Amino acid sequence: MLHYFPKYFTTKAIALYIIVLMVIPVAFSGYGMSWLWILFGVVEVTSFFYFTNILTKRWAEYSERTFLRRLFIAALVIRVVWVVFSYFFYSSMTGLPFEFEAADSTFYHESGLLGAALIRNGTFNIVEFMSWVELSDRGYPFYLSLIYYITGDSIIVTRLIKALIGAFTCILIYRLTKRTFDNPAIARIAGILCMLMPNLIYYCGLHLKEIEMTFLIILFLERTDHVIRLQKYNIINILLPILTAGLLFFFRTVIGVTAIFSFFTALVFSSSRILGWGKRILLIVWSMATLSYFIGGKIMTEIETVWENRVTNQSNSMQYRSNIEGGNKFVKNLSGSVFAPMIFVIPFPTMVNTEGQENQMLIGGGNYVKNIMAFFVMFSLFIIIKTHKWRDYLLAGSFMISYLIVIALSKFAASERFHFPVLPILLMFSAYGISQVDRKTKKYYSYYIVFIFIALIVWSWFKLAGRGFV
């Protein structure tokens, strides 16, 4: 079993990215990305793969306490540096410390300013606040209102708090991975992957809810896993994961539903080695009683709405994107049957100059990293199924797979932002996949690299041809 991320994999991944960057300007003359976005991509890809190889070997020698301290400090420093850099980078590029096309970020920012002002005036009403938006979009504005109230409406301090939350998420992933796979070496790989993953760093510099929402997801999974494996229970141990699951409904309805689904899936189907039937029944009864109390009529209405719109929302959205000015006419032909088989791999990076997609080009290197790491996720699932150990990994596995299935059938199937909440879980399973690759099976990685090369070229053609450029 491997205890580090071998250079065999990392050098091939870096080489492929450089090759694609050279091929695309030749294949699609005049539509290559500018040097700025190329630079971002190269830094994201080379930094991730180079340092994962180095650190998974070097930090393997440390004690657990030393490893966790280094993991947290390094993750925090990386994120703080990006927060400060991105603040001034966006200010220079857009005139405001927000990303390109920052409609959602500015909405949250203005909502936070409003909430903080109401708190200062003593007129804040938690029931009426943001009553004009869905319940699933009120959690983050409320959180932001509190942060603004405490920090004096500081944008950069708010993002520094995101950096802190992001660093602690790496620690939670380590703990969850260690218990799930019962192997500290795999947990160390997972922690380092999360520490260096470009997308997990990138969102610390944005005013979006993804960092906080993902933290709640990993906290829910880590605390739930802890409860399932406990020998004795108390009300606090059981209540914390349930309350965390309830909070998720105030960030995104589908996330809350997925959390509850994964919770009960693990309770019902987990191996008896992990959870005996007596404790299983107790947890199911207690959880159902608690959830029925906390999930009220408003949340149930939103769940019903999501379910009713499941069939039409994707096709309507794809048709709209196809018809709008500057849209891609090929998008209307995409559906869940296309997205589902590639749900672990997508979205592919934007590697051609596409007007209005500066954000996608900036984080393109991070999306490429996800494309590569998907090989190890799929390999890990193959090993888990082959060895008949799937019942040992149900909590995190059912959350990851069920959420991705929902996304594949939604209008956000190709949106990197909506894949983001399960990214740490994907990296957790990819760490297990890395540990299981041997001399006989590593050849499949070379085949996969060829597939990714073809996919990136085809995707670049798709983006340009759909807009009539080639």
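**Basis of the model**

Helices, taken as DSSP runs of H or I with at least four residues, and strands, taken as runs of E with at least two, are numbered from the N terminus. This is a predicted model, in which local features need pLDDT of at least 70 and side-chain atom pairs count only at pLDDT 80 or more, while totals for chains, interfaces and linings use all residues. Residues are numbered from 1 along each chain as its sequence is written, and side-chain values use heavy atoms, with hydrogens and water left out.

The mean pLDDT (the predictor's confidence in each residue, from 0 to 100) is 88, and 85% of the residues reach 70 or more. Over residues 297-304, however, pLDDT stays under 50.

**Overall fold**

The protein has 21 helices and zero strands. Of its 470 residues, 56% count as buried, that is, under 20% relative accessible area, against over 50% for exposed and in between for partly exposed (1.4 Å probe, protein chains only).

**Helix α21**

Helix α21 covers residues 443-465 and reaches 34 Å from its first C-alpha to its last, close to the 33 Å expected at 1.5 Å a residue, where the expected span is 1.5 Å times one less than the number of residues. Its buried residues, among them Tyr 445, Tyr 448, Ile 449 and Ile 452, pack against α1 (7-27) and α17 (364-386), a contact being heavy atoms within 4.5 Å.

**Residue Val 157**

Val 157 is found in helix α6 and is partly exposed, with a relative accessible area of 32%.
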